[in-house]
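Student: I would like to learn how to read a model of this kind, feature by feature. Could we begin with the general idea each time and then turn to the case at hand?

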Amino acid sequence: MTIDSLYLRLMSYRVQDICINAEHLATAIEAIKTKDDVSQGVLVAIKAVLLANSEQAGLVNEMLCNYALPYQAEVSSHE
């Protein structure tokens, strides 16, 4: 199966969007204040998961940019 560079670039943009959205949601969670310890713990856990997902999405985007897109360009230049 062949995937062209435009499709890979679109995938990269979508992964980057996920990364940014997760960071924005984590920032929004930070703005929620509560005096209830359990609720505060839930908010901290949600924020941690969002930041972890953002980091993972960033890594996947980096992999796409560093490995898949240059490889696709190399293949295209040889055709």
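Tutor: Let us begin with what a helix is here: helices are DSSP runs of at least four residues, numbered from the N terminus. Gln 16, for example, lies in helix H1, and please keep in mind throughout that this is a predicted model.

Student: How many helices and how many strands does the protein have?

Tutor: The protein has two helices and zero strands. Helix H1 covers residues 5-31, and helix H2 covers residues 37-78.

Student: How should I read the span of H1 against the one expected for a helix?

Tutor: The span is taken from the first C-alpha to the last, and for H1, with its 27 residues, this comes to 39 Å, close to the 39 Å expected at 1.5 Å a residue.

Student: Which residues of H1 are buried?

Tutor: The general idea is a cut-off, in that a residue counts as buried when its relative accessible area is under 20%, as exposed when it is over 50%, and as partly exposed in between. By that reading, the buried residues in H1 are Leu 8, Ser 12, Val 15, Cys 19, Ala 22, Ala 26 and Ile 29, while across the protein, buried residues make up 19% of the 79 residues.

Student: Why does Gln 16 count as partly exposed?

Tutor: Gln 16 has a relative accessible area of 36%, and it is therefore classed as partly exposed. Leu 10, also placed in helix H1, counts as partly exposed because its relative accessibility is 37%.

Student: With which side chain does the side chain of Ser 54 make a polar contact?

Tutor: The partner is the side chain of Glu 23, at 3.1 Å. Glu 23 lies in helix H1 and is partly exposed, with a relative accessible area of 38%. Although Glu 23 and Ser 54 are 31 residues apart along the chain, their C-alpha atoms are separated by 6.2 Å.

Student: Which residues does Asn 61 touch?

Tutor: Asn 61, found in helix H2, touches Ser 12, Val 15 and Gln 16, again not counting residues up to four places away in sequence. Asn 61 counts as buried because its relative accessibility is 12%. When we look at contacts across the protein between residues at least 6 apart in sequence, 72% of them join residues at least 24 apart.

Student: How many salt bridges does a search of the whole structure find?

Tutor: The search finds two salt bridges. One of them joins Asp 17 to Arg 14, with the closest N and O atoms 3.2 Å apart; both residues lie in helix H1, three residues apart, which is about one turn of the helix. Asp 17 counts as partly exposed, because its relative accessibility is 35%.

Student: And where does the salt bridge of Lys 47 and Glu 30 lie?

Tutor: The side chains of Lys 47 and Glu 30 meet at 2.5 Å, N to O. This pair links distant parts of the chain, with Lys 47 in helix H2 and Glu 30 in helix H1, 17 residues apart. Lys 47 has a relative accessibility of 26% and so counts as partly exposed, and Glu 30, at 40%, therefore counts as partly exposed too.

Student: What separates the C-alpha atoms of Gly 58 and Asp 17?

Tutor: Their C-alpha atoms are separated by 9.6 Å, although the two residues are 41 apart along the chain. Gly 58 is found in helix H2 and, because its relative accessibility is 25%, counts as partly exposed. A further pair to look at is Gln 16 and Leu 59, which are 43 residues apart along the chain and have C-alpha atoms separated by 9.7 Å.

Note on methods: Residues numbered from 1 in each chain as written. Predicted model: local features only at pLDDT ≥ 70, side-chain atom pairs only at ≥ 80, totals over all residues. Heavy atoms only, no water. Polar contact = N/O pair within 3.5 Å; in protein donor to acceptor, adjacent residues only side chain to side chain. Buried < 20%, exposed > 50% of the residue type's maximum accessible area, 1.4 Å probe, protein only. Contact = heavy atoms within 4.5 Å. Expected span 1.5 Å × (residues − 1). Salt bridge = Lys/Arg side-chain N within 4 Å of Asp/Glu carboxyl O.
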